[in-house]
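Good morning, and thank you for the time on today's agenda.

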Amino acid sequence: PHLDRALALYREQRDPFGTAFTEALLGEQALLKGDYPTAETRLRAALAYVRSLGDVPTDPELHMMATNDLGVAISNLRPGHPEATALKREGIAVADRDRFSAGASVIGRANLGLDFYNIGDLDEADTLFREALRRLEALPVPLPERGFLFNNLSQLRRVQDASLHRPGERG
């Protein structure tokens, strides 16, 4: 209810950044609840603001939420959709430009790696997971994402090993 109230106030004040950031937060909240259609709607509204700026940079956190989280919502609604992949890659590019977003860069790669894993592109998934792990190891403190990545890599290995032992598949 507080975010809804904040959104109403930002709209009343005609504050486009506050409106967009609150839409992104509401979209992220819907995403975490598994309400992907609402998440997509909210995050598209936030992305529209980011796109309206043209070449003027905006808050990287907003840009990453609007792209990566929208990509996650779309992936859950339409697995393998090219728009989801493009949005996630854009979110990764934004994260890579800001050293303070190194954790977001790791998570973005892991999310995209999961998409490729889920559609069966194991080579691309492996590349993304390994790059995410490499970047994670370069961060100054241990992060919980490390276990997430190791789990994804081990799952990928099991699938790759199983495919090597099936006639007519990989290898």
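This is a predicted model: local features need pLDDT of at least 70, side-chain atom pairs count only at pLDDT 80 or more; totals for chains, interfaces and linings use all residues.

First, the overall picture. The protein chain contains eight helices and zero strands. Of its 171 residues, 40% are buried. The chain exposes about 9500 Å², and 55% of that area is supplied by carbon and sulfur atoms. If we take the contacts between residues at least 6 apart in sequence, 50% of them join residues at least 24 apart.

Next, one pair of helices. Two packed helices are described by the angle between their axes and the distance between the axes. Helix H2, residues 16–33, packs against helix H4, residues 60–77, at an angle of about 35°, and the axes are 10 Å apart. The crossing of H2 past H4 is left-handed. Which residues in H2 and H4 meet? From H2 there are Phe-17, Ala-20, Phe-21, Ala-24, Leu-25, Glu-28 and Leu-31. From H4 there are Glu-61, Leu-62, Met-65, Asp-69, Val-72 and Ala-73. Sorted by class, this contact has 10 nonpolar residues, three charged residues and no polar ones.

That list brings us to the aromatic residues. The structure holds two aromatic pairs. In one of them, Phe-17 and Phe-21 are tilted, at 5.7 Å centre to centre with 35° between the planes. Why are these two separated by about one helical turn? They are four residues apart in helix H2, which means a separation of about one turn.

Is Phe-17 buried, exposed or partly exposed? With 31% relative accessibility, Phe-17 counts as partly exposed. Phe-17 also pairs with Tyr-49: the ring centres are 6.2 Å apart and the planes stand at 65°, so this pair is edge-to-face. Because Phe-17 lies in helix H2 and Tyr-49 in helix H3, residues 36–52, the pair ties together parts that are 32 residues apart in sequence. Tyr-49 itself is buried, its relative accessible area being 16%.

To close, Phe-17, Phe-21 and Tyr-49 form one aromatic cluster. Thank you; I welcome your comments.

Key: Residues are numbered from 1 along each chain as its sequence is written. Side-chain values use heavy atoms; hydrogens and water are left out. Buried means under 20% relative accessible area, exposed over 50%, partly exposed in between (1.4 Å probe, protein chains only). Contact means heavy atoms within 4.5 Å. Accessible areas come from the Shrake-Rupley method with a 1.4 Å probe; for residues, only the protein chains shown count as cover. Axes are lines fitted to C-alpha atoms, for helices over the stretch in contact, and angles run from 0 to 180 degrees between N-to-C directions. A crossing is left-handed if the near helix is turned anticlockwise from the far one by less than a right angle, and right-handed if clockwise. Ala, Val, Leu, Ile, Met, Phe, Trp, Tyr, Cys and Pro count as nonpolar, Asp, Glu, Lys and Arg as charged, and the others, Gly among them, as polar. Rings of Phe, Tyr and Trp (its six-membered ring) pair if their centres lie within 6.5 Å; planes under 30 degrees apart count as stacked, over 60 as edge-to-face and the rest as tilted.
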